[in-house]
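Please open the structure in your viewer and keep the sequence panel beside it, so that each stop can be selected by residue number. The tour goes from one selection to the next.

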Amino acid sequence: MLVYKIWLLLGGYMLDDLDILNTLIRTIYKLMKSSENDWVSWESVSKEIDGHNGKSELYSALADIEDYRFYFVKHKEKNVILSEIGIRYVQSLPIQQQSEMQIIKQAIISYSRSLNPISIKINSILKVTKVEKKYVYAISCELSDETIPTETPVEIISDDRSSRVQGRIVGQDTINSIIFVSLDCHIFEDILPAHLKLDRGFLLSKLAEKFDRIELFPNHIESLFLNPTDNNKKLVIYSTDSKIVADQLNALPIPWSRVLWGPPGAGKTFALGRLVIDQLTTNKDSRILIVAPSNRAADNALIQILNQIKESDDDFLNSLFRDRKILRFGYPRKKEILENSELLGPEELDVLNQKVRDTAESISIAERENKTDDEISIIRAKLLAFQEEVKNAVNIHINESQVIVTSVTLAYVTETIATFQNWDLVIVDEVTMVPASMCTFLASLSKYRLLLAGDPRQLGPVFERSKYTTETMFEWMGRDIFDKTGISRGQGVERKIDTTDSRLAIISSQRRCSSGIWNKVQHLYQGITNLVDQSKYRSIIQLPPKPEEIVLMDYSNPDKNIESDTFSGCKNYSKSWQNLYTADLAIEVALSIAAEAKEKISIAIISPYRAQVKLLRQRIRTELQAKSTPYDNYNIESGTVHQFQGSDADIVIFDLVDGYGRNQLGKLLKNDEGLRLVNVALTRAKAKFILIADKVWCAKAIIREDNPILWDLIFRLNDSEQIPVSPPKNQNVLVESPIEDKLLKSMMSIPQLKGVVCQHTIFNKSSIVSRADFAFPELKYAIYCDGKQWHLVQNQWQRDHRQRNKLIELGWVFSVFSGNDINNNVENCASQVLNTYRSLLRK
């Protein structure tokens, strides 16, 4: 009974007790050889076998079984060596011949073992809510730029070691350095000072366990890892139309497996949605699993499916939605999904799902009201807590669903999904971010059809090298499926994709990027047809800062007399990087674009660094605090490049951040990884791409071999595509533009507003905070006119003192009017100023 109990506790994955014993004895013997005094700890034994130390007590208990006790010598229950009998026994064991699945499993374990636990300082702990028997907390801590997967075990340890509480991660706000943790018990602030200890290898060990259930590759899966034969050449799928590619995939005789490749903007996610629709229409009993490396990518895939279901007007497809046969399992973020309770589980969870929607809306309201990061984190943690409760309750519903969309991590840690190996169709989107080992496991769940979709010139798996890294570890944990299968070879601009490989299904066109943007990357995608409709982008291209598809905003050589808090260069911030000057410039450009736009457009401000994105999001939130603002209906968002893979925007502003304060280009931007990152940043843009960089610094710190695409964007643009940025200057004039003159005349026609002050400089002590176009200083009320002639003066972008993010801290309120607002109805703008003026007088 004891052996059986241990077998269960170990996960029930080993074949029998002799296999457990032999593994344990071999491991102890191996560790003894590298130990200075032969003794090895049970924790090191557990980590060697499983990649984490969570099973040390169980292995120790195994050594106490009466039939096996004589093989071991234990010391104080913490350490062990083999007895002489144990040594003779292990030396008598035959040399192990590993299967391919065992090799993959060992690569995963070895890599997880190389990921040392990390200790993160806790700044504050915010209690949020209780869900069933769990407590959810928002923990502010000092994070680096890495993302920690949900479900990762954590331990909160007081610095004096008097308190230890275990839990697991249920979410993360990387931008604001918040980790959301589910704990079994309540904790108090007096546990501080404390730190979080994270076992980064634990989840990978759970993946490794799954390989004991896979004896051999199914034939249609194994073919992915073999070179295609000549007989398969007739099966090559190749078209400029993503619909045709999806339909041809659906028509293939089963079983089949394919890798779907296309450039950015090819319509890969559309093709996935089309394939799902085709499959459900062809076989109404199909069960389909769709996974992606991030919640954002999973949401995008599901939204594409939903859009196509609605467009189809098919009764059966719509009944799948109504009858809750389509499930978004995990932690959705997109409003389009959260608003549809049919996607979130069984009907009896509707009340809880309503709490999810209400809480998500509360986050939006809190951001508009400029609540503090801590206040917003508390609301976000409540959202995750409700989603966690939904996730736990929805496990049974998984078996009743036909289409399940979830993250890669949840696919292998959720037993209900991971143990069902008869999915009619398995799809992995953004597959280049998924290591080959994870693809192998996900492939094993497919019974008839497998599709892996991605682009090897976009971001790859996150792999952490160390002195313990082996070639086998890198093969299975550091390489994407394109490289592992040999479909893609080489690095950087030398990377080649074998477009004759019959394992590929190819969408050979791009329809997203304007021609000027596409020209910068087309050498990476030879044979791809540019089918973009350039005419639909004409009005967007004309927008600030110059009427070009690509613009370099060069902020080199700022005026030495500028206040130090206006230009402070690039700084290390919370293990990441920030540049206050470029953040303010990026926001100013985004708002000028929005002010000039005559139709609703999307603007994405992208940066390589989490700390910069945090700063940018704070600036965007502040803009929504204006008493009057033209930006409520504009989609201006910010994120890291990794967060935006799989997304796009009409205009992308790429804030490089790197500049004075650093000696060289950051490692994220160098070599093959850097080329992929800049390629992703550039090709998120549909119509216009704006790069903010210090050209003088780049000339000293970068060579073309570091990143040819980035180099060309900085040093090989035409003069018409570049614009110098000059520093803010005070002007001794009443108005600086026609729209200001128009608004001033309208305000002066209202008696109460005749005391308005033009070009008012707002100080915080001796530092300039902002220069308002108009102000009522005694009421601390500022008025701004955005979009005035694009801030161009003698073909330079004239910086403005527009750091509106600091006004609220100083007790000011402000209104913002765009050029379109003023030109279309200046009287309405003046009336809004009057209303705000009167409300401030009454206070």
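The stops below cover a sheet with a helix across it, then aromatic pairs, then charges over rings.

This is a predicted model, in which local features need pLDDT of at least 70, side-chain atom pairs count only at pLDDT 80 or more, and totals for chains, interfaces and linings use all residues. Residues are numbered from 1 along each chain as its sequence is written, and side-chain values use heavy atoms, with hydrogens and water left out.

Strands here are DSSP runs of E with at least two residues, helices are runs of H or I with at least four, and both are numbered from the N terminus; two strands pair if DSSP finds at least two bridges between them.

If you pick out Phe774, its bridge partner in S32 is Ile783.

**Aromatic pairs**

A search of the whole structure finds 13 aromatic pairs, counting rings of Phe, Tyr and Trp (its six-membered ring) whose centres lie within 6.5 Å, with planes under 30 degrees apart called stacked, over 60 edge-to-face and the rest tilted. Select Phe70 and Tyr71, a tilted pair with ring centres 4.5 Å apart and planes at 50°. Phe70 is partly exposed at 42% relative accessible area, whereas Tyr71 is buried at 12% (buried is under 20%, exposed over 50%, partly exposed in between, using a 1.4 Å probe and protein chains only).

Move on to Tyr111 and Phe463, whose rings are stacked, with centres 4.8 Å apart and planes at 15°. Tyr111 lies in helix H6 and Phe463 in the loop between strand S16 and helix H20, so the pair ties together parts that are 352 residues apart in sequence.

**Charges over rings**

Finally, select Lys484 with Trp476, where the charged end of the lysine sits over the ring, 4.3 Å from its centre (NZ of Lys or CZ of Arg within 6 Å of the ring centre and within 35 degrees of the ring normal). The charged end of Arg296 likewise sits over the ring of Phe644, 5.0 Å from its centre.
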